[in-house]
Amino acid sequence: MKFTVNPAKPIAIDIDVNGTINRVEFYPTNLKVRQDFFEIYEELKAYKPKEITPIVDENGVSNIELEETRELKRLTDFVAERVDKVFGSGTADIIMNGGYNLSELVRFICEMAQYFKAASNELIKEYTAQEESGVME
């Protein structure tokens, strides 16, 4: 039996934040990384926003904006945890430049999907390629 080890280089993404370059590296063919990435979508589908019941105080001021802001922060934290799980701790903070920007996290995930799609195509080719060794003929 012959084994060939082909250590693929990681995908390296440089993130420029105010002139500081941060590098994120990942292996889209690594099954654990792939599973964690694709589970983001499933977990987002299952995410349940908090029910918000506005409270109006004695001055007629509602707390709806505060509660909606808290819910958006909760959703951003939820997505940030998933990004860090796939791409490494602190990645979400780098992407959001230390703030809370859900749209940047979503944009990053969508951009990274192309690398996982390309890895899928490579894996399919690898596992369906004809073996030339004569074994199992």
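1. Contact here means heavy atoms within 4.5 Å. This is a predicted model: local features need pLDDT of at least 70, side-chain atom pairs count only at pLDDT 80 or more, and totals for chains, interfaces and linings use all residues. Residues are numbered from 1 along each chain as its sequence is written, and side-chain values use heavy atoms, with hydrogens and water left out.

2. Overall make-up. The protein has four helices and two strands. Their order from the N terminus is β-β-α-α-α-α. Helices (H or I, at least four residues) and strands (E, at least two) are DSSP runs, numbered from the N terminus. Of the contacts with a separation of 6 or more, 54% join residues 24 or more positions apart.

3. Surface and burial. Buried residues are 27% of the 137 in the protein. Buried means under 20% relative accessible area, exposed over 50%, and partly exposed in between (1.4 Å probe, protein chains only).

4. Helix α1, geometry. The 16 residues of α1 (31–46) should span 22 Å at 1.5 Å a residue, and the end C-alpha atoms are 22 Å apart, which agrees. The expected span is 1.5 Å times one less than the number of residues. α1 still bends by about 30 degrees at I40. That bend is the angle between axes fitted to the seven residues ending there and the seven starting there.

5. Helix α1, buried side. V33, R34, D36, F37 and I40 are buried. Their cover includes α2 (64–87) and α4 (102–128). An α-helix has 3.6 residues a turn, so residues three or four places apart point the same way.

6. At its start, a side-chain oxygen of N30 comes within 2.8 Å of the backbone nitrogen of K32. D36, also in α1, counts as buried because its relative accessibility is 8%. The side chains of D36 and K32 make a polar contact of 2.8 Å. Beyond four places in sequence, D36 touches K85 and V86.

7. Nonpolar core. The largest core has 25 residues, and V83 and F87 touch the most other members. β1 (11–17), β2 (20–26), α1, α2, α3 (91–95) and α4 each supply at least two residues. α2 gives the most, with seven. Such a core is a set of buried Ala, Val, Leu, Ile, Met, Phe, Trp, Tyr and Cys residues joined through side-chain atoms within 4.5 Å. Leaving out residues up to four places away, F87 touches V24, F26, F37, F108, M112 and F116.

8. Term used in point 6. A polar contact is a pair of N or O atoms within 3.5 Å; within protein, one must be able to donate a hydrogen and the other to accept it, and residues adjacent in sequence count only if both atoms are side-chain atoms.
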